[in-house]
Amino acid sequence: DGTGRQARRPAGADVLHRAGVQDMPRTMVAIVRAALEDGGGLDYSELERGLLDEFQKGLPRCARPFAVMAEMLGVTEDEVIERLTALEARGAISRVGPVFRPKRVGASTLAAMAVPPEYLDEVADLVSALPEVNHNYEREHRFNLWFVVTAEDAEHLEQVLNGIAEETGIPVLPLPMEEDYHIDLGFRLKW
């Protein structure tokens with residue numbers, strides 16, 4: 001299981017604007033990390049529960065997806081953005097944004113690093129702070145830090161990977177996808 005360590009402001013509208021609606025994937029997701037881990041879901045408001053349950057996939061594909069989500073939930077766009085930001089800061093979600101089919105927009109790769117355990121948190125924080133990194137997670141293996149990097153093109157992707165290696169002094173092993181599999185990770189939470 002992962003220990004993604006990032007908290008970024010929801011950027012769905014920015015991504016929609018940059019990519020253009022015609023380039024949007026068929027499915028957009030809000031990746032839910034461990035929503036029930038802290039108290040069995042008792043500390044989540046009705047709005048937060050609605051966001052976590054209803055928008056793991058199928059986010060509106062438009063210039064203002066948070067406004068459409070707000071209308072569907074009977075709240076304001078600002079409330080949706082505020083709650084998503086709070087859920088990210090709290091660790092309930094790791095990111096909100098599009099999931100593109102591989103090799104359709106930009107370049108991406110899974111990557112792994114063999115980080116000495118005493119430096120794992122520090123390196124994970126450094127990696128997660130990069131805007132090109134979607135998430136990271138720890139694995140019980142010699143290569144103990146895994147993460148996904150997405151960039152506008154292969155050259156930028158290589159620059160990011162090289163930058164991580166230079167900054168940490170630890171080689172980065174790129175693991176590009178060889179075959180595409182679709183796994184539906186959306187699920188109803190048990191509140």
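**Overall organisation, sheet and cores**

In the chain, 74% of the contacts with a separation of 6 or more are between residues 24 or more positions apart. The model examined here is a predicted one. The chain has 191 residues, and 40% of them are buried. Its secondary structure consists of six helices and six strands, which follow one another along the sequence as α-β-α-α-α-β-β-α-β-β-α-β.

Four of the strands form an open sheet, in the order β4-β5-β3-β6, with antiparallel pairing. Strands β4 and β6 are at the edges of this sheet; each has a single partner strand, so one side of each is left without a neighbour in the sheet. From one strand to the next, the twist averages 25 degrees.

Strand β3 is mostly covered, with five of its seven residues buried. Seven bridges connect β3 with β5, and the two strands run antiparallel. Within this pairing, Met113 stands opposite Leu145 of β5. Strand β3 is also joined to β6 (residues 173-175), again in an antiparallel manner, by three bridges. Here Leu110 has Leu175 of β6 as its bridge partner.

The largest nonpolar core comprises 19 residues, and Met113, Val127, Leu145 and Phe147 are those with the most contacts inside it. Two or more residues are given to this core by each of β3 (107-113), α5 (120-128), β5 (145-151) and α6 (154-168). Another core lies apart from it and has 16 residues, including Leu52, Val80, Leu87 and Val96. In soluble globular proteins, nonpolar side chains tend to be buried together.

The surroundings of Met113 were examined with its neighbours within four places in sequence left aside. On that basis, Met113 is in contact with Val123, Val127, Arg142, Phe143, Asn144, Leu145, Phe147, Ile164, Thr168, Ile170, Pro171 and Val172.

The side chain of Asn136 reaches the backbone oxygen of Ala124 at 3.2 Å. The side chain of Asn136 also makes a polar contact of 2.3 Å with the side chain of Ser128.

Helix α3 covers residues 65-73, and its buried residues are Pro65, Phe66, Met69 and Ala70. These residues lie on the same side of α3, because they cover an arc of only 140 degrees around the axis. In an α-helix there are 3.6 residues a turn, so residues three or four places apart point the same way. The exposed residues Glu71 and Met72 are carried on the face of α3 turned away from its buried side. Just after α3, Gly74 takes a positive phi of about 75 degrees.

Notes: Residues are numbered from 1 along each chain as its sequence is written. This is a predicted model: local features need pLDDT of at least 70, side-chain atom pairs count only at pLDDT 80 or more; totals for chains, interfaces and linings use all residues. Side-chain values use heavy atoms; hydrogens and water are left out. A polar contact is a pair of N or O atoms within 3.5 Å; within protein, one must be able to donate a hydrogen and the other to accept it, and residues adjacent in sequence count only if both atoms are side-chain atoms. A nonpolar core is a set of buried Ala, Val, Leu, Ile, Met, Phe, Trp, Tyr and Cys residues joined through side-chain atoms within 4.5 Å. Buried means under 20% relative accessible area, exposed over 50%, partly exposed in between (1.4 Å probe, protein chains only). Contact means heavy atoms within 4.5 Å. The arc is that of the directions from the helix axis to the C-beta atoms. Two strands pair if DSSP finds at least two bridges between them. Axes are lines fitted to C-alpha atoms, for helices over the stretch in contact, and angles run from 0 to 180 degrees between N-to-C directions.
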